Amino acid sequence: MSVVSDLPGVDDVLALPTLLLETAPREWEDGNGHVNVRHFYDLHMRAAHSAMTAIGLDKEYRETTGQSVFSVEQHIRFLGEVHVGDEVSVHMRWVERGDKVLHAVSFIVNRSTRRLVNTLEALEAHVDLRTRRACSWAPAVADRIDEVTEAHGRLPWVAPVGGAIIVRR
């Protein structure tokens, strides 16, 4: 496990799949002359939706299984600014899967300045929507998560996790 000071380089993050690519519009600007923090969070959540959909955790999955994922813990870091007109991308590195949870880190890169500007470390729980309680991943979903997690584990850089979010075994 790394500590939060161990940040990857921009090129390392950009080598991960791009989940979202956008140019910051005027309406995102706040009174301080930069993109407001709420838009960073929105970028992370939309990218997470894309990542989950890519492995089959989508509307059809929810409707057929009655299961989904809930965010249960998060840690966000603001490392730099984004201004109107800057191009940003969002990337995710999956860290670890437990029987009922997934630990991941999402990154926002300001492509206009070539800086890592934000990270969001998260723990997502697999939940039965009828009982609203955490439940085990189905084997097929667990296998897909494991494939991505194992591939990300072979990257030449350590995921910048803070240590507060852990997967209990």
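A residue counts as buried when its relative accessible area is under 20%, as exposed when over 50%, and as partly exposed in between (1.4 Å probe, protein chains only). The model is predicted, so local features need pLDDT of at least 70 and side-chain atom pairs count only at pLDDT 80 or more, while totals for chains, interfaces and linings use all residues. Residues are numbered from 1 along each chain as its sequence is written, and side-chain values use heavy atoms, with hydrogens and water left out. Rings of Phe, Tyr and Trp (its six-membered ring) pair if their centres lie within 6.5 Å; planes under 30 degrees apart are stacked, over 60 edge-to-face, and the rest tilted. By this rule there are 2 aromatic pairs.

**Phe40 and Phe78**

- These two rings form an edge-to-face pair, with 5.6 Å between centres and 80° between planes.
- Phe40 belongs to helix H2 (residues 37-54) and Phe78 to strand E2 (residues 67-78), so the pair ties together parts 38 residues apart in sequence; helices (H or I, at least four residues) and strands (E, at least two) are DSSP runs numbered from the N terminus.
- Phe40 is buried at 3% relative accessibility, whereas Phe78 is partly exposed at 42%.

**Phe107 and Trp157**

- Phe107 and Trp157 also pair edge-to-face, at 5.8 Å centre to centre and 70° between the planes.
- Phe107 lies in strand E4 (residues 101-110) and Trp157 in the segment after helix H4 (139-153), 50 residues apart.
- Phe107 is buried at 0% relative accessible area, and Trp157 is buried at 9%.

**Charge over a ring**

- Arg93 lies over the face of Trp157, 4.5 Å from the ring centre; this term requires NZ of Lys or CZ of Arg within 6 Å of the ring centre and within 35 degrees of the ring normal.
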